[in-house]
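Biologist: I am new to this structure. Could you walk me through it, one topic at a time?
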Amino acid sequence: MKHGIINAYRAFLPDVTDATPIITLYEGDTPLLEAPRLRERLFLPDNLRLFIKFEGMNPTGSFKDRGMTMAVSKAAERGAQAVMCASTGNTSAAAAAYAARAGMRSVVLLPRGEVAMGKLSQALMHGATVLAIDGNFDEALCLVRDICATHPFDLVNSVNPVRLEGQKTAAFEIVDELGDAPDYHAIPVGNAGNITAYWRGFRQYHAAGKTTKLPKMLGFQAAGASPIVDGHPVLHPQTIATAIRIGNPASWQGAVAARDESGGLIDRVSDERILEAYAAVAASEGIFAEPACATPLAGLQSLAEQGYFPLDRPLRVSVTLTGHGLKDPDRALKVSGGSVREAPAQKDAILRELEKAIF
Ligand code: F0G
């Protein structure tokens, strides 16, 4: 494996030229793990094999690194001194890290009080100027677009087209691993860049003769932040999955195209279901992903309940878990009940506790 997505997939990334300095933290090449225990736990049918693309294994702990290596490399090529983004947390962590790697400044605008602690600490540690605004992600993105239009900051949100170019490489990796496209690909939808990027990746690999088919794209939003399902922007999006707390996605049209061209769907799931799936994947597979990632897992469960999946042939379903669980330790402690048992430092006492806990 060549290091970093630009080196690995350069032939599919025409924006990269000999003049582009490659700013990388060796993102990509993340694991694709079959998840049989989780499949059972979600009551998915037996003919369906479930594969998890664990994007939490990227250098800053989310899929954003794939897009950020492209955005910051191109910014460096232009001689930019600083990058700027709005974020629910992960984009800001990636922007700050890749900017540091390139010797650039970074500025991030965040919705105040709505960003998980791990993500905030990453942005701060990588030296970003962090501004928490009294508004949500959609308002932050509007402000950033406005400021970048008139000031010397390079915009590194996914409205920057090279971001999605980088992110499409995750679809390539899935195909490279499976030997063909999956039958379905499930993914959380927030600002809708990633579903757009995956669909582009699958289509480009298909056109290059690397797959025999295209997957149906299954996108899932949180019920309190589901503008694409509702068909109109949501002014005050609400969900515990703060990563996808977005009411007016920038890549709305891309998501709709992915859904319609692939014959898939975009649906919503409740926070309650998201939290159940969040706990289930950690407990049944040893994969710790942040709450937003559980959205497509809950979505698959609900589709299976409705009898959505054909039962008469083998199916392969891949699902992207977009960010690492360590990003949001507060939520993890709340969901797990924080049930730490206490015992004196003494063998007998410990065994007594274990008897209560296990036997
Ligand atoms: N999952 C995670 C963990 C995310 O951080 C995001 C988006 C998504 C899913 C949704 O992806 O926006 O491409 O549809 N996070 C952005 C951010 C908005 O600022 O970090 P999308």
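**A walk through the predicted model**

Modeller: This is a predicted model. One place to begin is isoleucine 358, which is exposed, with a relative accessible area of 60%.

Biologist: Which helix is isoleucine 358 found in?

Modeller: Isoleucine 358 belongs to helix H15, which covers residues 347–358.

Biologist: What do Ile358 and Phe359 form on the surface, and with which residues?

Modeller: Together with Ile350, Leu351 and Leu354, they form a nonpolar patch. The accessible area of these residues together is about 530 Å².

Biologist: Let us turn to the ligand. How many residues surround it, and which are the closest?

Modeller: The ligand is surrounded by 19 residues, and the closest are Ser87, Asn191, Ala192, Asn194 and Thr322.

Biologist: Where does the backbone of asparagine 191 lie relative to the ligand?

Modeller: One backbone N or O atom of asparagine 191 is 2.7 Å from an oxygen atom of the ligand. For threonine 88, a backbone N or O atom lies 2.8 Å from a ligand oxygen, and for glycine 190 the distance from such a backbone atom to a ligand oxygen is 2.8 Å.

Biologist: How much of the ligand's accessible area does the protein cover?

Modeller: On its own the ligand has 470 Å² of accessible area, and the protein covers 99% of that.

Biologist: Now helix H11. Which of its residues are buried?

Modeller: In H11 (residues 252–262), the buried residues are Trp252, Gly254, Ala255, Val256, Ala258 and Ser262.

Biologist: What covers the buried residues of H11?

Modeller: The cover includes helices H9 (193–207) and H10 (227–230), along with strands E8 (216–222) and E9 (265–269).

Biologist: Which residue follows H11?

Modeller: Glycine 263 follows H11, and its phi is positive, near 75°.

Definitions and conventions
Residues numbered from 1 in each chain as written. Predicted model: local features only at pLDDT ≥ 70, side-chain atom pairs only at ≥ 80, totals over all residues. Heavy atoms only, no water. Patch = residues over 30% accessible without salt bridge, like charges linked within 9 Å, V, L, I, M, F, W, Y side chains within 5 Å. Areas by Shrake-Rupley, 256 points an atom, 1.4 Å probe, with all protein chains shown as cover. Salt bridge = Lys/Arg side-chain N within 4 Å of Asp/Glu carboxyl O. Helix = DSSP H or I, 4+ residues; strand = E, 2+ residues; numbered from the N terminus. Buried < 20%, exposed > 50% of the residue type's maximum accessible area, 1.4 Å probe, protein only. Near = heavy atom within 4 Å. Polar contact = N/O pair within 3.5 Å; in protein donor to acceptor, adjacent residues only side chain to side chain. Contact = heavy atoms within 4.5 Å.
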